[in-house]
Amino acid sequence: MRTRNVNLLLRIRETDGKRSYKCPVIAANGKLKPLYAVVNGKPEHHPEGVYCLRYSKSGKRVWEEVGKDAGKAITEKLKREQIFRAQELGIVVVEASKEPSKRNLRDAIHEYLERVGISRSRKTYGEFARVLPDFADVCVNKCPQDVNSYDIMHYANALRQRGLAGRTVANRVARVTCFLRWAGVADLLDDADKRSLKYVKKTVDAYSVEELVALFAAATDKEWITFQFFVGSGGREAEVAHATWRDINFSDHTFVVHDKPERGFSPKDSAERRIPLSDELIAALRSWRELHPHDIYLFPNKFGQPNGHFLRMLKTLALRAGLNCGECFSVGKGRRQTCLTSPVCEQFTLHKFRRTFATFHHEHGVPVTQIQEWLGHENIETTLLYLAISDARSEKSRRWANGSFKDLFARHLPSANKVFAPKYSPNSHLSKQMSIKPPEDINDQSGGNTRQSRQSYYSKATLRPVRLTPTNDL
Ligand SMILES: [Zn+2]
């Protein structure tokens with residue numbers, strides 16, 4: 001019987017990106033020249049290379065990775081040859097398990113975070129760095145291999161008890177699952193567990209014209225130009241934060257989402273794109289540029305770096321504009337905050353500007369494929385999801401809603417157009433609340449100047465719908 005061959009090869013990546021297996025180079029002393037392979041008859045250094053053994057097992061060709069260390073690779077080759085020789089002699093060989101040695105959960109997390117830090121964005125790293133140590137606190141002194149479904153569900157429950165929303169809980173569990181999969185632990189949750197983590201998906205929503213008018217009337221210059229750019233470009237938060245003046249083309253009125261690896265930014269799905277801007281927005285940007293000739297970014301923070309607080313800026317503006325819905329609350333720093341008095345209204349998000357951009361273009365008759373391109377969506381399904389809102393508020397939907405109930409109101413309930421009379425006297429506290437308060441707090445917290453004098457603020461403010469701030473006795 002012929003002894004099975006075990007070949008040692010170096011797997012390299014060629015200049016065109018393809019992987020190939022090459023013979024390793026043997027030095028004059030008979031040892032392997034570390035990470036050198038014979039390519040086109042010549043020795044070449046390939047630091048990215050990995051040694052592999054090639055042999056056949058049960059009639060199939062097997063490639064076994066043995067690492068980057070040349071000495072260790074030779075030892076593995078000899079070991080494999082010895083195993084085959086012993087098997088041919090009828091000796092039963094128990095092969096050592098290839099499973100990684102057990103290590104502490106925190107050590108595994110540490111290593112995983114280092115990898116995430118190298119290969120993923122700073123934002124993704126931040127999310128993992130927040131979630132995983134938290135999870136390790138739940139599974140005290142465990143190895144990744146010992147983690148079970150109970151630990152994960154226990155962790156989810158702990159998050160819920162802290163007052164986190166269903167979506168946040170599901171996202172954090174997904175991060176943990178991602179890490180466990182890397183650590184070699186298969187999917188632990190069964191269908192019942194997964195069902196319990198389901199959350200209600202919110203409908204996609206866009207800003208109405210009235211909301212935008214009210215928002216921009218109360219905005220400082222800086223807020224005005226920033227959020228005009230959000231709505232006018234449909235850019236993602238990171239895209240706006242990393243937008244530099246070089247990305248704005250003042251002659252063809254476009255904004256290009258450029259790859260800027262040197263500034264720590266790459267567009268999603270690795271695709272650059274060009275978005276047309278309205279003449280009004282371009283004119284406003286030109287004027288903003290004249291005021292800030294030395295800035296690199298369009299809307300930098302006070303250190304000249306990409307601004308990371310657009311959301312806080314928007315929520316503060318919405319509160320000041322009196323647009324908060326009054327129904328949201330959040331638990332932050334151990335205390336409950338309501339959107340009546342704090343900038344925590346869930347109705348105001350940066351992504352909603354992107355949907356507004358899509359909705360406005362859709363309502364103006366721009367083809368869906370064009371909107372998809374401007375938004376940088378890989379799949380058209382995502383774009384269609386964005387456009388559902390404009391279908392719901394379209395003229396056709398209005399006709400349907402009115403038509404379906406026309407009979408009921410016209411024939412059976414002739415008292416349509418019902419107007420409810422207030423039960424309060426004109427001097428009651430309700431009518432007092434309807435007066436507009438002087439904008440004591442319109443002084444910008446984000447560093448800009450107030451957009452208009454107090455006088456003109458009043459004139460604008462009276463034009464827009466005013467949200468009442470209910471008092472406790474209502
Ligand atoms: Zn709210």
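Tutor: Let us begin with the residues that touch: on the side of α3, Glu 127, Phe 128, Val 131, Leu 132 and Phe 135 meet a group in α5 that consists of Arg 172, Arg 175, Val 176 and Phe 179. Sorted by class, this contact of α3 with α5 holds six nonpolar residues and three charged ones, with no polar residue taking part. Please keep in mind throughout that the model is a predicted one.

Two packed helices are described by the angle between their axes and the distance between the axes. Helix α3 covers residues 122-138 and helix α5 covers residues 166-182, and the two pack at an angle of about 80° with 9 Å between their axes. Angles of 65 to 115 degrees count as roughly perpendicular, which means that α3 is roughly perpendicular to α5.

Helix α13, residues 368-375, packs with helix α14, residues 380-392, at an angle of about 105°, and their axes lie 9 Å apart. Here too the angle makes α13 roughly perpendicular to α14. From α13 the contact takes Val 368, Thr 369, Ile 371, Gln 372 and Leu 375, while α14 supplies Ile 380, Thr 383, Leu 384 and Leu 387. By class, the contact of α13 with α14 has six nonpolar and three polar residues, and no charged ones.

Now we can turn to the strands. Strand β1, residues 7-13, and strand β2, residues 19-22, run antiparallel and are joined by four bridges, and within this pair Arg 11 stands opposite Tyr 21 of β2. The hairpin that β1 and β2 form has five residues between the strands, and in it Gly 17 takes a positive phi near 90°.

There is also an open sheet of three strands, in the order β3-β4-β5, whose pairing is antiparallel. Its edges are β3 (24-26) and β5 (42-45), and each of these has a single partner strand, so one side of each is left without a neighbour in the sheet. On average, and with direction ignored, neighbouring strands of this sheet are turned by 60° against each other. Strand β4, residues 32-39, pairs with β5 in the antiparallel sense over four bridges, and the bridge partner of Val 39 is Lys 42 in β5.

Most residues other than glycine have a negative phi. Leu 35 counts as buried because it has 20 C-beta neighbours inside 10 Å. His 253, which is not a glycine either, has a positive phi of about 55°, and its place is in the loop between β8 (248-249) and β9 (254-257). Because 15 C-beta neighbours lie inside 10 Å of it, His 253 counts as partly exposed.

Of its 474 residues, 23% are buried. If you take the contacts between residues at least 6 apart in sequence, 59% of them join residues at least 24 apart.

How values were computed: Residues are numbered from 1 along each chain as its sequence is written. This is a predicted model: local features need pLDDT of at least 70, side-chain atom pairs count only at pLDDT 80 or more; totals for chains, interfaces and linings use all residues. A residue is buried if 20 or more other C-beta atoms lie within 10 Å of its own, exposed if 12 or fewer, and partly exposed in between; C-beta atoms are placed from the backbone. Two residues are in contact if their C-beta atoms, placed from the backbone, lie within 7 Å. Two strands pair if DSSP finds at least two bridges between them. Axes are lines fitted to C-alpha atoms, for helices over the stretch in contact, and angles run from 0 to 180 degrees between N-to-C directions. Angles under 35 degrees count as roughly parallel, over 145 as roughly antiparallel, 65 to 115 as roughly perpendicular and the rest as oblique. Ala, Val, Leu, Ile, Met, Phe, Trp, Tyr, Cys and Pro count as nonpolar, Asp, Glu, Lys and Arg as charged, and the others, Gly among them, as polar.
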